[in-house]
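Thanks for asking me to look over this one with you.

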Amino acid sequence: MPGTWASLAALPCAWAIRVWFGAWALAIATVIAFGLGWWASARVAGDSGIKDPGFVVIDEIAAQWLVLVALPARPHFYAAAFLAFRLFDIWKPFPIGWLDRTAKGGLGIMLDDVMAAIYALALIAIAGVALDV
């Protein structure tokens, strides 16, 4: 459940960055969140001895922002991004589940969520084409 709350909290933050500073600023914030998340989650996982601590949610934030970078700052796109990302982050179809099980350290914590973001973007793109949006 912490991942869902973090993804939800990421939405207004992404919207503010996007509206005030533009899509490039959100892209830069996403890269920074990914880099800091990689470092911080590696430290927390190493210190706690837990492979993927549930209380570490920077992976969800960085991945949710990754989906939002490619979409307009409109409520229906943000809702679709949230639902699609959470679907793939929870379901973990291949290779997301494989990355979650096999990738180690901070990078492993971050990568499965990035892959879920890529799947979410693909789903939204396919749905947009199918709906002629």
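The points below go through helix packing and then a few individual residues.

1. A word on the source before anything else. What you have here is a predicted model, so please read each value below as computed from that model.

2. Let's start with helices H1 and H3. H1 covers residues 2-21 and H3 covers residues 58-69; their axes come within 8 Å and cross at roughly 45 degrees. That angle makes H1 oblique to H3, since angles under 35 degrees would count as roughly parallel and those from 65 to 115 as roughly perpendicular. The crossing of H1 and H3 is right-handed. On the H1 side, the contact is made by Gly-3, Ala-6, Ser-7, Ala-10, Leu-11, Cys-13, Ala-14, Ile-17 and Arg-18, and H3 answers with Glu-60, Ile-61, Gln-64, Trp-65, Leu-68 and Val-69. By class, this contact of H1 with H3 holds ten nonpolar, three polar and two charged residues.

3. H1 also packs against helix H4, which runs over residues 75-91. Here the axes are 11 Å apart and the angle is about 150 degrees. As for handedness, the crossing of H1 and H4 is right-handed. H1 contributes Gly-3, Thr-4, Ser-7, Leu-8, Leu-11, Ala-14, Trp-15 and Arg-18, while Tyr-78, Phe-82, Phe-85 and Arg-86 come from H4. The residues of the contact of H1 with H4 divide into seven nonpolar, three polar and two charged.

4. Arg-18 deserves a stop of its own. Beyond its neighbours within four places in sequence, Arg-18 is in contact with Ala-23, Leu-26, Leu-68, Val-69, Leu-71, Pro-72, Ala-73 and Tyr-78. Arg-18 is also listed in the contact of H1 with H3 and in that of H1 with H4.

5. Next, helix H2, residues 23-48. Its 26 residues should span 38 Å at 1.5 Å a residue, and the end C-alpha atoms are 36 Å apart, so the two figures agree. The buried residues of H2 are Leu-26, Ala-29, Thr-30, Ala-33, Gly-37, Ser-41 and Ala-45. As a reminder, an α-helix has 3.6 residues a turn, so residues three or four places apart point the same way. Just past the end of H2, Gly-49 has a positive phi of about 80 degrees.

6. How do H2 and H3 sit against each other? Their axes come within 9 Å and cross at roughly 155 degrees, and H2 and H3 are therefore roughly antiparallel. This crossing of H2 and H3 is left-handed. Leu-26, Ala-27, Ala-29, Thr-30, Ala-33, Phe-34 and Gly-37 of H2 make the contact with Ile-58, Ala-62, Trp-65, Leu-66, Leu-68 and Val-69 of H3. The contact of H2 with H3 has eleven nonpolar residues, two polar ones and no charged.

7. H3 itself has twelve residues and reaches 16 Å from first C-alpha to last, close to the 16 Å expected. Its buried residues are Asp-59, Glu-60, Ala-62, Ala-63, Gln-64, Trp-65, Val-67 and Leu-68.

8. Ser-41, in H2, counts as buried because its relative accessibility is 1%. Not counting residues up to four places away in sequence, Ser-41 touches Val-56, Gly-106, Ile-109 and Met-110. Val-114 lies in H6, residues 105-130. Val-114 and Trp-20 are 94 residues apart in sequence and 25 Å apart in space, C-alpha to C-alpha.

9. Finally, two more residues to look up. Phe-77 belongs to H4 and, at 17% relative accessibility, counts as buried. The C-alpha atoms of Phe-77 and Val-67, ten residues apart along the chain, are separated by 9.9 Å. Val-19 is in H1 and counts as partly exposed at 43% relative accessibility. Between Val-19 and Gln-64 there are 16 Å in space, C-alpha to C-alpha, with the two 45 residues apart in sequence.

Conventions: Residues are numbered from 1 along each chain as its sequence is written. This is a predicted model: local features need pLDDT of at least 70, side-chain atom pairs count only at pLDDT 80 or more; totals for chains, interfaces and linings use all residues. Side-chain values use heavy atoms; hydrogens and water are left out. Axes are lines fitted to C-alpha atoms, for helices over the stretch in contact, and angles run from 0 to 180 degrees between N-to-C directions. Helices (H or I, at least four residues) and strands (E, at least two) are DSSP runs, numbered from the N terminus. Angles under 35 degrees count as roughly parallel, over 145 as roughly antiparallel, 65 to 115 as roughly perpendicular and the rest as oblique. A crossing is left-handed if the near helix is turned anticlockwise from the far one by less than a right angle, and right-handed if clockwise. Contact means heavy atoms within 4.5 Å. Ala, Val, Leu, Ile, Met, Phe, Trp, Tyr, Cys and Pro count as nonpolar, Asp, Glu, Lys and Arg as charged, and the others, Gly among them, as polar. The expected span of a helix is 1.5 Å times one less than its number of residues. Buried means under 20% relative accessible area, exposed over 50%, partly exposed in between (1.4 Å probe, protein chains only).
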